[in-house]
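Visitor: Hi! Could you walk me through the charged pairs in this one?
Guide: Happy to. Let's bring it up and take a look.

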Amino acid sequence: MPPPEKIVGIIGKTNVGKSTLFAALTLAPVQIANHPFTTIKPNVGVGYVKKRCVHVELGLKECNPRTGMCVDGYRFIPVKIMDVAGLIPGASEGRGLGNKFMDDLRQADVLIHVVDASGSTAPDGTPASPGTYDPVEEARLIQEEVDKWFTSVILRLWENKISRYLYSVRDPIELLSQALSGLSISKQKVVETINKLNLPVKLLKWSREDVVRFAKTLRRLSKPIIIAANKMDLPHAEENIERLKAEFGEDMVIPISALAELILRKAAAAGLIRYIPGEGSYEVVAPEKLTAQQKKALDLVRRKVLEKYGSTGVQTLLNRAIFDVLELIVVYPVEDHRRYTDHSGRVLPDAYLVPKGTTAIELAYMIHTDLGKTFLYAINAKTGERIGEDYVLKDNDVIKIVAAAAHR
Ligand SMILES: Nc1nc2c(ncn2[C@@H]2O[C@H](COP(=O)(O)OP(=O)(O)O)[C@@H](O)[C@H]2O)c(=O)[nH]1
Ligand SMILES: [Mg+2]
């Protein structure tokens, strides 16, 4: 089984641009036939992180990705994107937080919180003129809301599924982790939280305050939030972006224009321009086909967004969430380590997003359980060296697993 797909949840109050961002992220940068995930629900789609493909470093002309794509030496690797509508300030007190919302949030590995950096949206979503509302306040309120929701879920689990069984179990941390697994939280995160807070290993000794502290830190570690400062093309956005960065940290605030990215990707999909997500410019390839309106929109994107900020920020945002916040690296499993192919001759067929610290044997299990069970050794395709099961994978490694049971 390939590594579990990563799920990026988009949250924020009404009218800040969540659906626009979702549409932009999930509009494939180039046409592809094969979608890695079947689209199940309207608010779930596939987006792509972008990274220099290892085929360039290996001196190869091209590669043949089985999922995602490779454009101009950049590999676009799929991740799942979810538009989690329905979070409004005060929501955890009951209003607006439906089961659907909870269910979506539970599954997410990282959250993108979209705020209106221009301050032109009221807390309830009503449009106003830029500069009316404070996005710093908005970011604080929504994060508090997520914390409240998370804490209430943990407190409920504690009362119903944990505290009363603590007397009878041998491994209380295992009990706790099991109870939290429905929130897509690993035992590792649970242990990390307990260590970080110096909480007693004996869970029986925890007070209610301990449980609350545990919940807050666990939320930060297991559902980290990155802020998308949207509508950067509007007045007042620039000054507010600086204030957001001062409050939440330079690295956690990414200025974007979701609308600009959507305009560019749509124009590219229609064959009007050439544009690769993340780039600071586009090229008009079919000027005769552009309507006056399209031309005007594209000019605006160039002047208000690309020339001013260098890019729309949308690709940077997704890359940050996956590579920096979740700290994932990319590894390329192959079957033929000399030609970098699978059994059918596909060059670099897979690019796996795996956690930093993943070992060779863990990779073997991700490819196929049989490969893990009968693992002998692995080969680092770049150096030709044999590596053992404990080898810690590096970013951009190309790896062949040698096992007693051939898979397939
Ligand atoms: N100026 C500007 N408007 C945007 C941007 N992104 C979204 N919008 C507009 O904001 C409004 C709300 O967007 P929508 O995606 O429906 O918000 P949602 O309620 O959070 O899903 C729409 O009119 C969008 O066109 C942007 O980057 N710049
Ligand atoms: Mg929406």
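Visitor: Thanks! How exposed is Lys382?
Guide: This is a predicted model. In it, Lys382 has 30% relative accessibility, so the residue counts as partly exposed, since that class lies between under 20% for buried and over 50% for exposed.

Visitor: And which side chain does Lys382 meet in a salt bridge?
Guide: That would be Glu57, with an N to O distance of 3.1 Å.

Visitor: Nice. Which residue pairs with Asp72?
Guide: Arg274 does, in a salt bridge of 2.7 Å, N to O. Here too, distant parts of the chain are linked: Asp72 is in the loop between β3 and β4, and Arg274 is in strand β8, 202 residues away.

Visitor: Switching to helices, where are Glu247 and Arg140?
Guide: Glu247 is in helix α8 and Arg140 in helix α4, 107 residues apart. Their side chains form a salt bridge of 3.1 Å, N to O. Glu247 has a relative accessible area of 40%, and Arg140 has 33%.

Visitor: Last one: which residues are linked in a network of salt bridges?
Guide: Arg66, Asp342 and Asp350 are joined that way.

Methods:
Residues are numbered from 1 along each chain as its sequence is written. Chains are lettered from A and ligands numbered from 1 in the order in which they are written. This is a predicted model: local features need pLDDT of at least 70, side-chain atom pairs count only at pLDDT 80 or more; totals for chains, interfaces and linings use all residues. Side-chain values use heavy atoms; hydrogens and water are left out. A salt bridge is a side-chain nitrogen of Lys or Arg within 4 Å of a carboxyl oxygen of Asp or Glu. Buried means under 20% relative accessible area, exposed over 50%, partly exposed in between (1.4 Å probe, protein chains only). Helices (H or I, at least four residues) and strands (E, at least two) are DSSP runs, numbered from the N terminus.
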